[in-house]
Amino acid sequence: MAKSSSKKEIPKYNPTEVEPKWQKYWLENKIYQPDMDKAKKPFYNLMMFPYPSAEGMHVGNMYAFTGSDVYGRFKRMQGHDVFEPIGLDGFGIHSENYALKVGKHPKEQAKVSQENFYRQLRVTGNSFAWDNKLETYDPDYYRWTQWIFIKLFKKGLAYRKKASVNFCPSCKTVLADEQVIAGKCERCGTEVVKKELEQWFFKITDYAERLLNNIDGLDWTEKVKIAQRQWIGRSEGALIKFKIQNSKFKMKTIEVFTTRPDTLYGATFMVLAPEHSLSREIARGNNEIAKYIKESQSKTDQDRIAEGRDKTGIDSGLRAINPVSKEEIPVWIADYVLMGYGTGAIMAVPAHDERDFEFAQKYNLSIKFVIKPIENDLDTRKAYLGAGQVINSGKDWNDYFVPDAIPRMIDDLEKWGMGKRQIQYHLRDWLISRQRYWGPPIPMIDCPKCGWQAVAEKDLPVLLPDIKDWKPTGAGKSPLATVESFVNTNCPVCGGPAKRETDVSDTFLDSAWYFFRYIATDFKDVPFPSSAFHDDAEVASNNFRLHKAGKSSDSSRNVSDANVQSENFKSSPHQSQNRTEKWLPVNMYIGGAEHSVLHLLYSRFLTMVFKDLDLISFEEPYSKFRAHGLLVKEGAKMSKSKGNVVIPDEYIKKFGADTLRLYLMFLGPFTQGGDFYDTGIEGMYRFVRRIWTLIHTVNFSTQSTGEGLKIMNKTIKKVTEDLEALRYNTAIATLMEYYNFLSKEQTISKEQIEILIILTSPFAPHISEEIWEFLGHKNSISQTNWPRFSDKFLVEKNTIIVLQVNGKIRDTFMVEKSEIDNKQTIEKIARQSKRAKKYFENKQIRNVVYVKGKIINFVIDN
RNA sequence: GGGCAAGUGGCGGAAUGGUAUACGCGGUAGUCUCAAAAACUACUAGCCGCAAGGCUGUGUGGGUUCGACUCCCUCCUUGCCCACCA
């Protein structure tokens, strides 16, 4: 090691002193607070904000945040004005359930969690823009969540509908389809049942095609793109009408959706979902059928899954006519057909669908094959799903080959007036209402005269009342329904007595737009700046906590409102109206893959709606998204029940945040996750202390030379490329190799050391600042430019050529770079190899493969 | 049932067609010490060998190639996501 001969005094590395010192420095000097209006190279570096409800931040949160922060710090040093905000997703069932568990009012618990979480976040060394923090349960925030609801309502995108919905008996609320995982409640794991309730929905299905088509253009983790495509679930097919024979009901035809119109001749019966309106109509005059429908509805999804493929059903007694074969076919009612997809009715083709085949066998229904395989014989013991030749399908279709001929067959159906081409999506409308307390009240009023009306925008927010009986009731209504002072109000249209909606909105609505609010937390009277608000009288004109004003306060309303809290709010929406366009869409979004469908899809949807409202000019919220991997503990998933959840606090106390950050980023590829071992972190602590010691003992030479320069440039190149690709583990390995090299050198230049510190600083920001200061710098290391590498130092003078015989390595030798184009010379040197000679001497050399500058391979006969 | 990943030393992992096991953990031996810890140094895939060296080796079996952890096919295993979606 390059130690001084005279023994220097080495100060002890003490992270518990160094780290708070720099955290304080960053905060006081607003080092990480970009100028939101004047920033020249804005870079929005977003990480998914946490639910603060658990027992505090666990190491999985820190893993995700650190990975995002490292990238943000890297971009900042590359000259970008990085905006890296943080907040808390504290509204919602998750937080409320935690409050229930610990027996505290959610509002009280939120205060405790907030303090604890922010304290933890402060000591992890992230470069957060603290001035812009937000919490979803803050009225300043949810006021705008409610505003969004109103905007959607006015645009016809929020509507009420009575529907069979998922209901969690434990959480006592309805759930979105997305929150039901294999028939169980995503939050508590209880089996979900179906309930018939009137609910608020968002019409996300109107955006299905756009949501799907835009995916191709996104720079996102491929896995997440696939998950979204699958969730939206586009399929092409046909809508086909079947006439009902002698229908005594209102409905004279049954319409079905099918992706296999080519099998229409094989449709030997039909099946209606129990919830189908025709099923209900039939049930009115038939007890047995009514009973079947009731039973199937009371089943949990879990029951249905447990039953597997043992299908049940009942003959409705109706007969329909197959439009092409003209055969009379029975109509059944069975719960293997779902109301939520297609038309809620199917044409059953048992010969070519496994489910229909099974059902037909159980109930002895006829099976008619209309496709046969081209090569093999038809096996009539099971459904045939493959491609093939059309048979038994009349003169028009016989001998067609499917699936190729399907489009032509749909054309025929259209021509014959029997059906039409149809594109169907699996995506369903977003169920928004929740019968719970801890969320933003849905800002709607039900007037006996005027019907459902939105709360006037000037009256927002509809404050969540502070009540004692906040626990879920399970009666299909929110606890707010019992608060008369809340419920009773006046109609915003006619002024007469009316009642408020008492449900609150889904947590996913809170988190679907938070990145818009981050950039505008200093704006009181708009959700986010937009030129569209300029002339929009209904926005900005309100009396809610309006701040008294800069020069532009034309609004003289209720300045003295008792609620005024902050002096920092700007009152003019016109000012800085470009801010939204300046910062959004988000440049880099990093978060968990578990939000692949829900959160990412919802925020895309809202962004599109904002675009359609002319509030913004873009329609995709996140230009780039990367999912991080899962952090496990010694091979096992961390969970409270196993008691192996790692809490970062104790490790930070013992080793410091820098060591923990480095360790977390080192233990595996960030996008794939990693395995946390206590012994591993000790090794990282060793590395940090070694750097500290090296700095305090090194003898500086004046300049970097030869090998040193080369290695330095190589290191810069590798670390830069790795950081851009989020390959943090190999970036750190490279830094270790660089340290190992430096520690063995007799003399080191100051430049070589500074490069080491700069490159390490995104991972270990505190110790880097401390060393940077020790080296005599006055600025923050985060304000230093990221070093560039120069290719001219990367050129090797000599190259190692590997000598193979039949692909096996037999020797290596060094040649000058200038020789590598000369195959003859290389071959000549190779033939002289003492070690390899015996393998090709006296053998017939059939071929010599030379790969320039890398390898020479003699191919011989054995 | 469908979709997507991934299988490499004792362990976490590196290498994406060209010297497999970088970096780290753990282990062994040594230096320092009365001793221990820390720190530092060396070794550390398996087998054979005193050594020089050789053979084998990236879940399995095959293929493509001068050359395969890497590309293609078969099977096995594990993880994640979705799931009676017509």
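This is a predicted model: local features need pLDDT of at least 70, side-chain atom pairs count only at pLDDT 80 or more; totals for chains, interfaces and linings use all residues.
Trainee: How far apart do the C-alpha centres of domain 1 and domain 2 lie?

Mentor: The domain assignment of chain A places domain 1 at 234-425 and domain 2 at 678-793, with domain 3 at 798-860. Between the C-alpha centres of domain 1 and domain 2, the separation is 68 Å.

Trainee: How many residues surround RNA strand B, and what share of its atoms within 4 Å of the protein do sugar and phosphate account for?

Mentor: The residues that surround RNA strand B number 50, and the closest are Thr 259, Arg 355, His 426, Arg 428 and Asn 857. Of the RNA strand B atoms that come within 4 Å of the protein, sugar and phosphate make up 69%.

Trainee: Which residue has a polar side-chain atom 2.8 Å from a base oxygen of RNA strand B?

Mentor: Thr 259 uses a backbone N or O atom, which lies 2.5 Å from a sugar or linking oxygen of the RNA strand B. Tyr 839 has a side-chain N or O atom 3.2 Å from a phosphate oxygen. The residue with a polar side-chain atom 2.8 Å from a base oxygen is Lys 311.

Trainee: Which element gives the largest share of the surface near RNA strand B?

Mentor: Elements that give two or more residues to this surface include helix H7 (222-232), helix H21 (678-697), helix H23 (728-744) and strand E38 (855-860). The largest share is 6 residues, and it comes from H23.

Trainee: How many charged residues does the surface near RNA strand B have?

Mentor: Sorted by class, this surface has 23 nonpolar residues and 13 polar residues. The number of charged residues is 14.

Conventions:
Residues are numbered from 1 along each chain as its sequence is written. Chains are lettered from A and ligands numbered from 1 in the order in which they are written. Side-chain values use heavy atoms; hydrogens and water are left out. Domain bounds come from an automatic or database domain assignment. A residue is near a molecule or strand if one of its heavy atoms lies within 4 Å of it. A polar contact is a pair of N or O atoms within 3.5 Å; within protein, one must be able to donate a hydrogen and the other to accept it, and residues adjacent in sequence count only if both atoms are side-chain atoms. Helices (H or I, at least four residues) and strands (E, at least two) are DSSP runs, numbered from the N terminus. Ala, Val, Leu, Ile, Met, Phe, Trp, Tyr, Cys and Pro count as nonpolar, Asp, Glu, Lys and Arg as charged, and the others, Gly among them, as polar.
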